[in-house]
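Please consult the sequence and model shown below while reading.

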Amino acid sequence: MTELKPGKDFVGVGVGVMVRNEKGEFLLGQRQKHSNNEPGKWCFPGGTLEFGEKLFDCAKREAKEEAGIDVKPLRVVKVIDHIIPNEKQHWFNPIVEAKLLGGKPIVTEPDKMAQWQWFSLENLPENLTINMTVLFQEIKDTKLKI
């Protein structure tokens, strides 16, 4: 029997963790060129919600696993339907705002992420993932308060 894959065989839940530093800059990681979706593009730390896992627990786990940082989840700021038509993927994407408690972002999963950087709202990279493009546009248009 073939294993079903979230996001491809059924709608997956992919949690994004929005972390800002003391300057108000956002932590974004660039996906590897061979990433499962939107290769080479920039996004928040995050990943697949596991069965039985609570949303904020997933946010803490993914921030630690992907970027080596400890965070305290504060609130859900937005939920995005992250649909990637050319890759035939659909993810339900809650974005969790989290406070940085400790650690410096490092590439802990080099097979998934190429680098981590801090970006101001005015200096975001051009090649954001689809969901990040939606989120940051709403922030810039003041439709979403953070």
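V11 is located in the segment that precedes strand β1 (12–20). In this predicted model, V11 has a relative accessibility of 45% and is therefore classed as partly exposed, since that class lies between 20% and 50%. Together with F56, V76, V79 and F92, V11 makes a nonpolar surface patch of about 380 Å².

The aromatic rings form a second topic. The count of aromatic pairs comes to three. Two of them are listed here.

| Pair | Centre to centre | Angle between planes | Geometry |
|---|---|---|---|
| F26 and F136 | 5.0 Å | 80 degrees | edge-to-face |
| F44 and F136 | 5.7 Å | 65 degrees | edge-to-face |

The pair of F26 and F136 links distant parts of the chain: F26 belongs to strand β2 (residues 26–31) and F136 to helix α2 (residues 130–140), and the two are 110 residues apart. F44 is found in the loop between β3 (42–43) and β4 (46–48), whereas F136 is in helix α2, so their pairing ties together parts that are 92 residues apart in sequence.

Are these phenylalanines buried or exposed? F26 has a relative accessible area of 2% and is therefore buried, the limit being under 20%. F136 likewise counts as buried, at 2% relative accessibility. F44 is buried as well.

Through ring pairs, F26, F44 and F136 are linked into a cluster. F136 takes part in the pair with F26 and in the pair with F44.

Note on methods: Residues are numbered from 1 along each chain as its sequence is written. This is a predicted model: local features need pLDDT of at least 70, side-chain atom pairs count only at pLDDT 80 or more; totals for chains, interfaces and linings use all residues. Side-chain values use heavy atoms; hydrogens and water are left out. Rings of Phe, Tyr and Trp (its six-membered ring) pair if their centres lie within 6.5 Å; planes under 30 degrees apart count as stacked, over 60 as edge-to-face and the rest as tilted. Helices (H or I, at least four residues) and strands (E, at least two) are DSSP runs, numbered from the N terminus. Buried means under 20% relative accessible area, exposed over 50%, partly exposed in between (1.4 Å probe, protein chains only). Patches are made of residues with over 30% relative accessible area and no salt bridge: like charges are joined within 9 Å, nonpolar side chains (Val, Leu, Ile, Met, Phe, Trp, Tyr) within 5 Å. Accessible areas come from the Shrake-Rupley method with a 1.4 Å probe; for residues, only the protein chains shown count as cover. A salt bridge is a side-chain nitrogen of Lys or Arg within 4 Å of a carboxyl oxygen of Asp or Glu.
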